[in-house]
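Dear colleague,

Please find below the structure that I promised to hand over. My findings follow it.

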Amino acid sequence: MNTPDKNNRFWRLARHPVADDFAAAIEFDQAPMPAPAEGQVLIRNEYLSLDAGTRMWMTARTDSYQPPIPLGSPVPGLILGQVIASRDPAFKAGDWVRAFGSWSDYSCVTPALSALQTVDASVSDIRQHLGVLGMNAWTAYVGITDVAKTRPGETVLVSAAAGATGMLAAQVAKLMGCTVVGLAGSAVKCQFLKEQLGLDAALNYKSPDFGAQLASIAGGIDVYFDNVGGEILDLVLPNMAHYGRIAVCGLLATYAAGEAGVGPKRFDQVLMRRLTISGFFSPDFMQRGPEINRIMRNWFENGRIKMHFDVTQGLENVLPAYRKLFTGGNIGKVLVALKR
Ligand SMILES: NC(=O)c1ccc[n+]([C@@H]2O[C@H](COP(=O)([O-])OP(=O)(O)OC[C@H]3O[C@@H](n4cnc5c(N)ncnc54)[C@H](OP(=O)(O)O)[C@@H]3O)[C@@H](O)[C@H]2O)c1
(Lines give C-alpha, C1' and ligand atoms only; values in the text may rest on other atoms or scores of the structure.)
Protein backbone atom coordinates (compact mmCIF):
# COMPACT_ATOMS: atom_id res chain seq x y z
CA MET A 1 0.00 0.00 0.00
CA ASN A 2 1.51 3.28 -1.10
CA THR A 3 0.90 5.40 1.98
CA PRO A 4 3.39 6.68 4.55
CA ASP A 5 0.61 7.07 7.14
CA LYS A 6 0.12 4.39 9.76
CA ASN A 7 -3.00 5.95 11.18
CA ASN A 8 -6.19 7.38 9.77
CA ARG A 9 -7.49 10.53 11.46
CA PHE A 10 -11.26 10.94 11.41
CA TRP A 11 -14.19 12.82 12.95
CA ARG A 12 -16.73 10.81 14.93
CA LEU A 13 -20.24 11.77 15.99
CA ALA A 14 -20.07 11.50 19.78
CA ARG A 15 -23.35 13.26 20.64
CA HIS A 16 -26.30 14.73 18.77
CA PRO A 17 -25.49 18.39 18.10
CA VAL A 18 -27.57 21.12 19.69
CA ALA A 19 -28.23 23.96 17.21
CA ASP A 20 -24.93 24.61 15.43
CA ASP A 21 -22.66 23.69 18.35
CA PHE A 22 -20.83 21.01 16.38
CA ALA A 23 -17.71 21.29 18.55
CA ALA A 24 -19.58 19.71 21.47
CA ALA A 25 -20.89 16.86 19.35
CA ILE A 26 -18.13 15.80 16.97
CA GLU A 27 -14.72 14.57 18.14
CA PHE A 28 -11.40 14.21 16.34
CA ASP A 29 -9.92 10.72 16.66
CA GLN A 30 -7.63 8.29 14.90
CA ALA A 31 -7.47 4.57 14.18
CA PRO A 32 -4.96 2.27 12.45
CA MET A 33 -4.93 2.61 8.67
CA PRO A 34 -7.67 0.33 7.30
CA ALA A 35 -6.62 -2.46 4.93
CA PRO A 36 -9.14 -3.07 2.13
CA ALA A 37 -10.86 -6.46 2.31
CA GLU A 38 -11.72 -8.43 -0.84
CA GLY A 39 -13.88 -6.16 -3.04
CA GLN A 40 -13.00 -2.97 -1.15
CA VAL A 41 -11.10 0.15 -2.20
CA LEU A 42 -8.91 2.42 -0.06
CA ILE A 43 -9.04 6.10 -1.04
CA ARG A 44 -6.82 8.95 0.08
CA ASN A 45 -9.33 11.75 0.54
CA GLU A 46 -8.24 14.97 -1.17
CA TYR A 47 -11.45 16.97 -0.71
CA LEU A 48 -14.38 16.54 1.65
CA SER A 49 -17.75 17.80 0.46
CA LEU A 50 -19.51 19.39 3.43
CA ASP A 51 -23.26 19.15 2.96
CA ALA A 52 -26.06 20.76 4.91
CA GLY A 53 -28.17 17.60 4.62
CA THR A 54 -25.72 15.68 6.84
CA ARG A 55 -27.04 17.82 9.72
CA MET A 56 -30.31 15.89 9.65
CA TRP A 57 -28.53 12.53 9.87
CA MET A 58 -26.76 13.85 12.98
CA THR A 59 -30.10 13.99 14.81
CA ALA A 60 -31.79 10.95 16.36
CA ARG A 61 -34.77 11.08 14.02
CA THR A 62 -35.68 7.80 12.36
CA ASP A 63 -38.36 9.13 9.98
CA SER A 64 -35.91 10.86 7.64
CA TYR A 65 -34.84 9.74 4.15
CA GLN A 66 -31.65 8.42 5.71
CA PRO A 67 -31.17 6.56 9.01
CA PRO A 68 -29.42 8.52 11.79
CA ILE A 69 -25.63 8.28 12.04
CA PRO A 70 -24.99 5.87 14.93
CA LEU A 71 -23.37 7.70 17.84
CA GLY A 72 -19.68 6.87 18.06
CA SER A 73 -19.21 6.22 14.34
CA PRO A 74 -17.26 8.28 11.79
CA VAL A 75 -19.21 11.11 10.18
CA PRO A 76 -20.09 10.01 6.64
CA GLY A 77 -19.74 12.34 3.69
CA LEU A 78 -19.05 12.64 0.02
CA ILE A 79 -15.33 12.69 -0.76
CA LEU A 80 -13.12 13.18 -3.79
CA GLY A 81 -9.76 11.48 -3.77
CA GLN A 82 -7.32 9.03 -5.25
CA VAL A 83 -7.27 5.27 -4.96
CA ILE A 84 -4.34 4.03 -2.87
CA ALA A 85 -5.11 0.31 -2.92
CA SER A 86 -7.87 -1.65 -4.60
CA ARG A 87 -9.21 -5.16 -4.25
CA ASP A 88 -11.89 -4.49 -6.87
CA PRO A 89 -10.68 -4.91 -10.47
CA ALA A 90 -12.84 -1.97 -11.63
CA PHE A 91 -10.62 0.48 -9.70
CA LYS A 92 -6.85 0.88 -9.69
CA ALA A 93 -4.30 2.82 -7.68
CA GLY A 94 -4.06 6.41 -8.90
CA ASP A 95 -7.66 6.67 -10.14
CA TRP A 96 -9.49 9.84 -9.13
CA VAL A 97 -12.78 8.78 -7.55
CA ARG A 98 -15.84 10.19 -5.79
CA ALA A 99 -17.66 8.20 -3.12
CA PHE A 100 -19.59 8.36 0.10
CA GLY A 101 -16.69 7.97 2.51
CA SER A 102 -16.13 9.76 5.78
CA TRP A 103 -14.66 12.94 7.25
CA SER A 104 -11.21 11.38 7.47
CA ASP A 105 -7.79 11.25 5.84
CA TYR A 106 -8.64 7.95 4.13
CA SER A 107 -11.90 6.19 3.26
CA CYS A 108 -12.08 2.42 2.90
CA VAL A 109 -15.25 1.68 0.91
CA THR A 110 -17.23 -1.08 -0.74
CA PRO A 111 -18.03 0.27 -4.22
CA ALA A 112 -21.69 -0.78 -4.42
CA LEU A 113 -22.44 0.62 -0.95
CA SER A 114 -20.65 3.92 -1.37
CA ALA A 115 -21.64 5.01 -4.91
CA LEU A 116 -17.93 4.81 -5.77
CA GLN A 117 -17.26 6.22 -9.25
CA THR A 118 -14.14 7.00 -11.21
CA VAL A 119 -14.19 10.64 -12.32
CA ASP A 120 -12.64 12.27 -15.37
CA ALA A 121 -9.32 13.74 -14.24
CA SER A 122 -9.00 15.80 -17.44
CA VAL A 123 -11.44 18.44 -16.20
CA SER A 124 -9.74 21.82 -15.71
CA ASP A 125 -10.48 21.86 -11.96
CA ILE A 126 -10.86 18.46 -10.31
CA ARG A 127 -13.02 20.04 -7.59
CA GLN A 128 -15.79 20.40 -10.14
CA HIS A 129 -16.64 16.75 -9.47
CA LEU A 130 -18.06 18.16 -6.23
CA GLY A 131 -19.32 21.23 -8.11
CA VAL A 132 -20.91 21.57 -11.54
CA LEU A 133 -20.25 17.87 -12.24
CA GLY A 134 -21.33 16.60 -8.84
CA MET A 135 -24.38 15.73 -6.83
CA ASN A 136 -25.37 19.31 -5.99
CA ALA A 137 -25.52 19.98 -9.72
CA TRP A 138 -27.64 16.90 -10.41
CA THR A 139 -29.96 17.97 -7.61
CA ALA A 140 -30.22 21.48 -9.02
CA TYR A 141 -30.79 20.30 -12.58
CA VAL A 142 -33.40 17.66 -11.80
CA GLY A 143 -35.14 19.94 -9.30
CA ILE A 144 -35.57 22.75 -11.80
CA THR A 145 -36.35 20.66 -14.88
CA ASP A 146 -38.15 17.45 -13.89
CA VAL A 147 -39.50 18.22 -10.43
CA ALA A 148 -40.60 21.84 -10.86
CA LYS A 149 -41.31 21.38 -14.57
CA THR A 150 -39.95 24.87 -15.16
CA ARG A 151 -40.78 26.50 -18.48
CA PRO A 152 -38.88 29.30 -20.27
CA GLY A 153 -40.17 32.73 -19.31
CA GLU A 154 -41.38 31.72 -15.87
CA THR A 155 -40.39 33.44 -12.64
CA VAL A 156 -38.24 31.20 -10.46
CA LEU A 157 -37.35 31.89 -6.83
CA VAL A 158 -34.42 30.04 -5.21
CA SER A 159 -33.63 30.05 -1.47
CA ALA A 160 -30.06 29.72 -0.15
CA ALA A 161 -29.20 30.95 -3.64
CA ALA A 162 -25.57 31.80 -2.82
CA GLY A 163 -24.95 28.27 -1.53
CA ALA A 164 -23.81 25.24 -3.51
CA THR A 165 -27.14 23.78 -4.56
CA GLY A 166 -28.95 27.10 -4.84
CA MET A 167 -26.41 28.83 -7.07
CA LEU A 168 -26.54 25.94 -9.51
CA ALA A 169 -30.36 25.79 -9.49
CA ALA A 170 -30.56 29.53 -10.09
CA GLN A 171 -28.14 29.35 -13.02
CA VAL A 172 -29.92 26.36 -14.60
CA ALA A 173 -33.20 28.32 -14.45
CA LYS A 174 -31.48 31.36 -15.96
CA LEU A 175 -30.06 29.23 -18.77
CA MET A 176 -33.61 28.00 -19.44
CA GLY A 177 -34.71 31.57 -20.08
CA CYS A 178 -36.45 32.26 -16.78
CA THR A 179 -36.58 35.37 -14.64
CA VAL A 180 -34.65 34.30 -11.57
CA VAL A 181 -34.82 35.80 -8.10
CA GLY A 182 -32.36 34.56 -5.46
CA LEU A 183 -32.74 34.71 -1.69
CA ALA A 184 -29.71 35.15 0.56
CA GLY A 185 -28.88 36.37 4.04
CA SER A 186 -26.66 39.40 3.35
CA ALA A 187 -26.28 42.39 1.04
CA VAL A 188 -22.89 41.06 -0.08
CA LYS A 189 -24.43 37.77 -1.18
CA CYS A 190 -27.29 39.56 -2.96
CA GLN A 191 -24.76 41.68 -4.84
CA PHE A 192 -22.83 38.53 -5.75
CA LEU A 193 -25.98 36.88 -7.10
CA LYS A 194 -26.77 39.80 -9.36
CA GLU A 195 -23.29 40.81 -10.46
CA GLN A 196 -21.47 37.48 -10.62
CA LEU A 197 -24.26 35.06 -11.48
CA GLY A 198 -26.46 37.43 -13.48
CA LEU A 199 -29.68 36.84 -11.56
CA ASP A 200 -32.49 39.27 -12.26
CA ALA A 201 -32.97 40.14 -8.60
CA ALA A 202 -31.76 39.07 -5.18
CA LEU A 203 -33.59 39.61 -1.90
CA ASN A 204 -32.09 39.63 1.57
CA TYR A 205 -34.46 37.53 3.66
CA LYS A 206 -33.20 39.28 6.80
CA SER A 207 -34.51 42.68 5.58
CA PRO A 208 -37.42 44.02 7.66
CA ASP A 209 -39.52 44.48 4.51
CA PHE A 210 -38.69 41.05 3.02
CA GLY A 211 -42.39 40.06 2.92
CA ALA A 212 -43.25 43.21 0.97
CA GLN A 213 -40.36 42.57 -1.42
CA LEU A 214 -41.69 39.07 -2.14
CA ALA A 215 -45.17 40.50 -2.71
CA SER A 216 -43.77 42.92 -5.30
CA ILE A 217 -42.51 40.14 -7.62
CA ALA A 218 -44.50 40.88 -10.77
CA GLY A 219 -46.96 38.11 -11.68
CA GLY A 220 -46.07 36.04 -8.63
CA ILE A 221 -43.65 33.13 -8.32
CA ASP A 222 -44.17 30.26 -10.77
CA VAL A 223 -41.48 28.02 -9.32
CA TYR A 224 -39.93 27.99 -5.86
CA PHE A 225 -36.77 25.87 -5.55
CA ASP A 226 -36.67 25.61 -1.78
CA ASN A 227 -33.54 24.71 0.16
CA VAL A 228 -34.68 26.08 3.48
CA GLY A 229 -38.36 25.59 4.48
CA GLY A 230 -39.33 27.28 7.76
CA GLU A 231 -40.49 30.89 7.98
CA ILE A 232 -39.36 31.81 4.48
CA LEU A 233 -41.59 29.14 2.98
CA ASP A 234 -44.54 30.60 4.89
CA LEU A 235 -43.79 34.03 3.43
CA VAL A 236 -43.41 32.62 -0.08
CA LEU A 237 -46.61 30.53 -0.16
CA PRO A 238 -49.07 33.48 -0.45
CA ASN A 239 -46.88 34.96 -3.19
CA MET A 240 -46.92 31.92 -5.46
CA ALA A 241 -48.64 32.30 -8.83
CA HIS A 242 -51.66 30.13 -9.51
CA TYR A 243 -50.63 26.62 -10.61
CA GLY A 244 -47.13 27.29 -9.25
CA ARG A 245 -44.76 24.48 -8.30
CA ILE A 246 -42.55 24.14 -5.26
CA ALA A 247 -39.59 21.77 -5.53
CA VAL A 248 -38.66 20.87 -1.95
CA CYS A 249 -34.92 20.29 -2.15
CA GLY A 250 -34.11 20.90 1.51
CA LEU A 251 -35.54 22.13 4.82
CA LEU A 252 -32.31 23.47 6.23
CA ALA A 253 -33.95 25.87 8.68
CA THR A 254 -35.61 22.94 10.47
CA TYR A 255 -32.87 20.28 10.55
CA ALA A 256 -31.64 21.09 14.06
CA ALA A 257 -35.19 20.62 15.42
CA GLY A 258 -35.27 16.94 14.41
CA GLU A 259 -38.77 15.45 14.32
CA ALA A 260 -40.11 18.59 15.98
CA GLY A 261 -39.33 20.60 12.81
CA VAL A 262 -42.47 22.53 12.02
CA GLY A 263 -44.40 22.34 8.77
CA PRO A 264 -45.75 25.34 6.85
CA LYS A 265 -48.46 27.43 8.50
CA ARG A 266 -49.76 28.68 5.15
CA PHE A 267 -50.64 25.22 3.81
CA ASP A 268 -54.04 26.71 2.84
CA GLN A 269 -52.34 28.39 -0.10
CA VAL A 270 -51.77 25.00 -1.73
CA LEU A 271 -55.50 24.86 -2.38
CA MET A 272 -56.13 28.57 -2.92
CA ARG A 273 -53.41 28.81 -5.56
CA ARG A 274 -53.64 25.22 -6.87
CA LEU A 275 -49.99 24.56 -6.10
CA THR A 276 -47.98 21.41 -6.61
CA ILE A 277 -45.36 20.63 -3.97
CA SER A 278 -42.86 17.83 -4.60
CA GLY A 279 -39.96 16.62 -2.53
CA PHE A 280 -37.02 14.95 -4.22
CA PHE A 281 -33.77 13.27 -3.18
CA SER A 282 -30.65 13.00 -5.33
CA PRO A 283 -29.72 9.33 -4.60
CA ASP A 284 -33.00 8.46 -6.35
CA PHE A 285 -31.58 9.69 -9.66
CA MET A 286 -27.83 9.03 -9.35
CA GLN A 287 -27.98 7.00 -12.57
CA ARG A 288 -28.70 10.24 -14.45
CA GLY A 289 -25.32 11.70 -13.47
CA PRO A 290 -23.53 11.01 -16.77
CA GLU A 291 -26.41 12.47 -18.83
CA ILE A 292 -26.60 15.62 -16.67
CA ASN A 293 -22.81 15.99 -16.63
CA ARG A 294 -22.71 16.14 -20.43
CA ILE A 295 -25.00 19.18 -20.29
CA MET A 296 -23.23 20.74 -17.30
CA ARG A 297 -19.75 20.25 -18.72
CA ASN A 298 -20.77 21.89 -21.96
CA TRP A 299 -22.21 24.89 -20.10
CA PHE A 300 -19.17 25.05 -17.83
CA GLU A 301 -16.56 24.83 -20.59
CA ASN A 302 -18.41 27.50 -22.55
CA GLY A 303 -18.46 29.81 -19.54
CA ARG A 304 -22.23 29.66 -19.20
CA ILE A 305 -22.35 28.28 -15.66
CA LYS A 306 -20.08 29.16 -12.74
CA MET A 307 -19.22 27.43 -9.51
CA HIS A 308 -17.69 29.03 -6.47
CA PHE A 309 -15.90 27.14 -3.74
CA ASP A 310 -15.37 28.00 -0.11
CA VAL A 311 -12.29 25.94 0.75
CA THR A 312 -10.89 25.33 4.22
CA GLN A 313 -7.45 23.73 4.49
CA GLY A 314 -6.89 20.79 6.82
CA LEU A 315 -8.97 17.94 8.21
CA GLU A 316 -8.55 19.40 11.69
CA ASN A 317 -10.57 22.45 10.57
CA VAL A 318 -13.75 20.62 9.56
CA LEU A 319 -15.90 22.05 12.34
CA PRO A 320 -15.66 25.78 11.58
CA ALA A 321 -16.09 24.93 7.89
CA TYR A 322 -19.23 22.89 8.57
CA ARG A 323 -20.73 25.59 10.77
CA LYS A 324 -20.65 28.03 7.84
CA LEU A 325 -23.52 26.17 6.21
CA PHE A 326 -25.80 27.11 9.11
CA THR A 327 -24.51 30.60 9.81
CA GLY A 328 -24.31 31.72 6.19
CA GLY A 329 -20.51 32.04 6.22
CA ASN A 330 -20.08 30.50 2.78
CA ILE A 331 -20.53 31.56 -0.81
CA GLY A 332 -20.67 28.42 -2.94
CA LYS A 333 -19.66 24.87 -2.21
CA VAL A 334 -18.02 24.27 1.17
CA LEU A 335 -15.02 21.98 0.80
CA VAL A 336 -12.22 20.89 3.10
CA ALA A 337 -8.94 20.33 1.26
CA LEU A 338 -6.63 17.65 2.64
CA LYS A 339 -3.54 18.55 0.65
CA ARG A 340 -0.61 17.11 2.55
N1 LIG B 1 -32.83 16.83 -2.00
C2 LIG B 1 -31.55 16.51 -2.23
O3 LIG B 1 -31.24 15.48 -2.80
C4 LIG B 1 -30.49 17.48 -1.78
C5 LIG B 1 -29.17 17.36 -2.26
C6 LIG B 1 -28.22 18.33 -1.87
C7 LIG B 1 -28.60 19.37 -1.01
N8 LIG B 1 -29.90 19.40 -0.56
C9 LIG B 1 -30.34 20.48 0.34
O10 LIG B 1 -29.96 21.72 -0.23
C11 LIG B 1 -29.87 22.67 0.82
C12 LIG B 1 -28.56 23.44 0.66
O13 LIG B 1 -27.51 22.55 0.99
P14 LIG B 1 -26.00 22.86 0.59
O15 LIG B 1 -25.21 21.73 1.14
O16 LIG B 1 -25.92 23.19 -0.87
O17 LIG B 1 -25.66 24.14 1.46
P18 LIG B 1 -25.34 25.63 0.97
O19 LIG B 1 -26.53 26.14 0.25
O20 LIG B 1 -24.00 25.69 0.32
O21 LIG B 1 -25.20 26.39 2.36
C22 LIG B 1 -26.30 26.60 3.15
C23 LIG B 1 -26.78 28.06 3.07
O24 LIG B 1 -28.09 28.13 3.59
C25 LIG B 1 -28.33 29.39 4.13
N26 LIG B 1 -29.03 29.24 5.41
C27 LIG B 1 -28.57 28.64 6.53
N28 LIG B 1 -29.51 28.65 7.50
C29 LIG B 1 -30.58 29.30 6.97
C30 LIG B 1 -31.86 29.64 7.46
N31 LIG B 1 -32.24 29.32 8.71
N32 LIG B 1 -32.71 30.29 6.64
C33 LIG B 1 -32.34 30.60 5.39
N34 LIG B 1 -31.15 30.32 4.85
C35 LIG B 1 -30.27 29.68 5.63
C36 LIG B 1 -26.98 30.07 4.35
O37 LIG B 1 -26.87 31.16 3.46
P38 LIG B 1 -27.52 32.63 3.80
O39 LIG B 1 -26.36 33.53 4.10
O40 LIG B 1 -28.22 32.98 2.55
O41 LIG B 1 -28.42 32.46 4.99
C42 LIG B 1 -25.96 29.01 3.95
O43 LIG B 1 -24.86 29.53 3.27
C44 LIG B 1 -30.01 21.91 2.12
O45 LIG B 1 -31.34 22.03 2.60
C46 LIG B 1 -29.74 20.47 1.72
O47 LIG B 1 -30.34 19.53 2.57
C48 LIG B 1 -30.83 18.48 -0.93
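**Orientation of helices α3 and α4**

Helices α3 and α4 are oblique to each other, because their axes meet at an angle of about 45 degrees. Please note that this is a predicted model. The axes of the two helices lie 8 Å apart, and α3 passes α4 in a right-handed crossing. Helix α3 spans residues 135–147, while α4 covers residues 164–175. On the α3 side, the residues that meet α4 are N136, A137, T139, A140, Y141, G143 and I144. Their counterparts in α4 are A164, T165, L168, A169, V172 and A173.

**The nonpolar core**

The largest nonpolar core comprises 100 residues, and A161 and F225 have the most contacts inside it. Helix α3 gives the most to this core, contributing eight residues. Both domain 1 and domain 2 supply residues to the core, so it lies between them. In soluble globular proteins, nonpolar side chains tend to be buried together.

F225 deserves a separate entry. Apart from its neighbours within four places in sequence, F225 is in contact with G143, I144, A148, V156, V158, A169, A247 and C249. Among these partners, G143 and I144 belong to α3, and A169 belongs to α4.

**The two domains**

The chain is divided into domain 1, which consists of residues 7–131 + 307–337, and domain 2, which consists of residues 135–283. Their C-alpha centres are 27 Å apart. To the contact between them, domain 1 gives 18 residues and domain 2 gives 18 residues.

With kind regards

Definitions and conventions: Residues are numbered from 1 along each chain as its sequence is written. This is a predicted model: local features need pLDDT of at least 70, side-chain atom pairs count only at pLDDT 80 or more; totals for chains, interfaces and linings use all residues. A nonpolar core is a set of buried Ala, Val, Leu, Ile, Met, Phe, Trp, Tyr and Cys residues joined through C-beta atoms within 7 Å. A residue is buried if 20 or more other C-beta atoms lie within 10 Å of its own, exposed if 12 or fewer, and partly exposed in between; C-beta atoms are placed from the backbone. Helices (H or I, at least four residues) and strands (E, at least two) are DSSP runs, numbered from the N terminus. Domain bounds come from an automatic or database domain assignment. Two residues are in contact if their C-beta atoms, placed from the backbone, lie within 7 Å. Axes are lines fitted to C-alpha atoms, for helices over the stretch in contact, and angles run from 0 to 180 degrees between N-to-C directions. Angles under 35 degrees count as roughly parallel, over 145 as roughly antiparallel, 65 to 115 as roughly perpendicular and the rest as oblique. A crossing is left-handed if the near helix is turned anticlockwise from the far one by less than a right angle, and right-handed if clockwise.
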